[in-house]
Amino acid sequence: MGSKDAAAAGGRTSHGQTDTDTGLGWEAVFLDPLGQVVQQRWADAVLTVAFEELEPTSAFPVVPGRRWGPGLWWSATTGRHVACGSAAMRAQLMVLDRDPEVVGLAGRPVQVLWRTGRGQVRSWTPQLFARYRDGTALLADCPSRPEAGGQRALKAATVLQAACAQAGWTYRRFKPLEDILATNLKWLAGYRHPRNAGRLGLMPAVLEAFTRPRPLIEGAETVGDPIEVLPVVFHALWHGQLTTPLDVPLQERALVSPAISRAQHPPSPSGSLASSTAAEGAGGAARASGRGGRAVSGRHTGRPVLAVGAHVRFRESTWQVVAVAGQLIHLAGESADESVLAGHLFADASFCIVGGERPQAVTQWGLFETAPEDARRRALAWQRHIREVESGLPDGPGTGVPRAAYDPDRFTLAQREQAKAAELTASGFGTISRTTVQRMRLAYRKQGLWGLVDHRTTRRPSPARRADTRVIAAIEEALRRQRGRSKGTVKGLMPLVAQILADRHGNGTVPLPSQATFYRLVHQLADPTEHPHRPTRTGGNSPAGRRAFTPTVALRPGEQVQVDTTRLDVMAVFDDTTTGRPELTIAVDVATRAILAAVLRPGPTQAVDAALLLAEMAVPHPARPTWPDALRLAHSPLPQLKRLLSLDERLHGAAARPVVVPETIVVDRGKIYLSAAFTAACETLGISVQPTPPHAPAAKGIVERTFHTINQLLCQHLPGYTGSDVTRRGADAETEARFSVAQLQDLLDEWLIHYHHRPHEGLRHPTLPKKALTPNQMWAALIAVTGHVPLPLTCNDYLELLPVRWQAITARGIRLDHRTYDHDCLAPYRGQPSPLASRGGKWEIHTNPHDARQIYLRLPDGHLTEIPWIHRDHIHAPFNNATWQHIKTTTTRRSGDRDTHEADLADALDQLMRRAHTHTATPGEQRLITRTAPLKTPPTTTGTPPARAPQPEQADGPRRLTDGRHNDGRHDPPDDTEQAHGEDEPGDDADAPVPYTGLGLYDPAQEALNW
């Protein structure tokens, strides 16, 4: 109960204070499962509403210019996404997600209203809600700084504490986590998904290996190959089955211990996981930062040594060392005794040896070399004098016999400083006082040799020189006012500066400098991006700041994968013989710079294309039969990759490309990436989603740069290359086009293998900092530390990634956009509500956007069941929403019931398909079919179904209720808005075409068998 007990310890407001600060009564505002706004008395809502199941009442604000904005954190506790508004909130989500007492999490699910003493209505929306196992709850805010939110936040905190106290809940304003703790939690969070528990029997073997404390890597090696075992160890650490101190850096020699009983180490009231982490650190074992032993005098060395009898500061209290046994330090305090590990003692922020002097700083030679030669020479001379004052010897302890005036055994430090001041003054060093000697000695202690340098010689000259500071301030204000506006000339700033000076100091009080001086000041004070002579719009179009982002860092494969879409700079020949630039969608792993997936499409990418791209990243890419052996993973010379072959049989026939399961997907704010279909697919695979702020391309600069690499190394060598812009495009680019989209996809797939064998300047290993590694080499190096978890996908997994909608089962079946889907298996459910009351009695349906001939219904047993269209036997080829919308537009509705109209639509669709097959369709119809039909569609007939899975596989895939045909496309049409009673309603995007996909149709059962 680490986070819960810690939250309870934060204190609660008395009811007397509640009346004074809040007036009478609170109310809760939230969204019900149908998305309707509900306002209810607070006392009633806390008893009846499951806030952990609700959507946010309002979206988290997006701050332009920041690298990260609001996102979706995949929670291991709930198995769903939790809305997350900031990095600080994400850190606290990790804390609560790891707490075994937490059973539910939600972001901003409730807004609290109250009246002040004056009758004014006030509101506050806590960022985080957590439900505990005993039914109580926690409301929390996660500010990045304690003062964030100002007085309004502090007043709201008082009100919410009182409201939660009345309900038996708690409210907290969490403090930001320490950097080391947050880093360790972020690492372990990468292994929170259940798939990291390993194969059957591996977890018990791991727990058996750590029945006694031992180094992490040593225990992993006793179980098996660390590449397979390490993810299981980290998964056990995340779930508390094993423990290790998290307040020190986590590394391969960290001591891992069996789980500690919470009764033995109750959490302290710190308000976050730091409490339980401290218990782990005290109960586990940490790396010792020094060797225990007998103390020696630190007088001449300047470095105090921990020894028996010494007094130390630990946990803000003074203790005496009574015994040292190896790495175990026994401490005696005023009221209690304690035994701690040396590493845990030394890592405490308040630790110091009472009476010990501060250790001498290591010389900063890099800074020292930047000083002028005369300043360096004088500093080296001072160093000998300071050493003689401290130890009696100019060259340090143990180098001779001290001079009489500087013998530490005869004279005090103050007397030696006074003697040195007199000596230096007499020798012509300058007028030196004892205070100067003392100041130089303390600077040497604090900064080493760099502290003895005369820093007046290292200061940069002021850009203003002797200019009036009021003029400088006015110029800076004028430049600030011009940010984001169209730019003029430097001379045009002079009237504005004159106006600012007059407004601030009065007319004629501060004169303007000469034009030459004014130009010089503007050149020196203006930021490069806001200088009048520079363009307004540059590559860094960040409104906040004219400051570059720090480089994006990821420490393990899949920790951050950037996804984006752009037009390829190559003309392709479409199936209707027209030419155009296909659209390219790629996913780039930040840690390895590997291009995990790349898909070409002739039309705009849709949400389902991006969703199924996730599955393509996580499974090995099969090698083509015609490819040489050098392009196959089985022939890789890297030893780590050879070890992978024994862990994942699919890799024997795979291409030599990294296989990575994404942990976090970084996307822009495009409609397809923020759609329900894409986020639902990420939730299914346990992937967090992190959208970038608007107008911040630098936030995903790696994938942007990868597009340039593809154009530079591949596209410019292909016929039909268009150049990066119209000024570079040749006059005959369209006539030069030779390749179809399918052929370009084949070329791209083969080129990617060569790309992953090419050194990348952004990939360096700490042991080989001067050597650029290839993406495959970096992948091999990282999986040796992080491990690798294969992700087998069954046909049912692919169907789970298809778009979801909710429909009613009527007496006629299921109605979707003037189509009726029916089968005998629906008999028990006709007119019946689904077991999920939160969806208004509607049933979960998965639609195949490229093939509307069948849908997939989830029955109460949890399986997806195929339900055919009643006219499917008359349609011999897949069709999508765009084709269907065309048929509805061109077919006149005759008088009669809707069944007759549906039959007319099916007949018109069949005629269109026949005309397209015999090449008698109009150019518009042919273009509609070819631009929206999936690539490489296999020929299907009524009597010849595609390959299907054997019977044992039926448990994992959708059940076949008809003839076994099951061609799954990969495209997401706009949702129709079919109502609860099955009436036809036009969708919001009913007329939007569903474009062609390069991923192609496939049989999910056969796809699962292939891997």
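Predicted model: local features only at pLDDT ≥ 70, side-chain atom pairs only at ≥ 80, totals over all residues.

Residues are numbered from 1 along each chain as its sequence is written, and side-chain values use heavy atoms, with hydrogens and water left out.

The open sheet has four strands, in the order β5-β8-β9-β10, with mixed pairing. Strands here are DSSP runs (E, at least two residues), and helices are runs of H or I of at least four, numbered from the N terminus. Two strands pair if DSSP finds at least two bridges between them.

Next, select 128-132 and 137-141. These strands, β8 and β9, pair in the antiparallel sense over four bridges. Within this pair, F129 stands opposite L139 in β9.

**Two helices on the sheet**

Select 87-98, helix α4, which packs on the sheet and touches β5, β8 and β9. Contact means heavy atoms within 4.5 Å. The direction of α4 makes about 5° with that of β8; axes are lines fitted to C-alpha atoms, for helices over the stretch in contact, and angles run from 0 to 180 degrees between N-to-C directions.

How many of the 12 residues of α4 are buried? The count is 10, among them M89, L93 and L96. Buried means under 20% relative accessible area, exposed over 50%, and partly exposed in between (1.4 Å probe, protein chains only).

Now select 150-167: helix α5 lies across β9 and β10 and runs at about 160° to β10.

**Salt bridges**

The structure holds 44 salt bridges, each a side-chain nitrogen of Lys or Arg within 4 Å of a carboxyl oxygen of Asp or Glu.

Select E417 and R441, whose closest N and O atoms are 2.9 Å apart in a salt bridge. E417 is in helix α14 and R441 in helix α15, 24 residues apart. Both residues are buried.

For another setting, select R456 and D454, which meet at 3.0 Å, N to O. R456 is exposed, at 62% relative accessible area, and D454 is partly exposed, at 30%.

Finally, select E583 and R567, a salt bridge of 3.9 Å, N to O. E583 lies in strand β22 and R567 in strand β19, so the pair ties together parts 16 residues apart in sequence.
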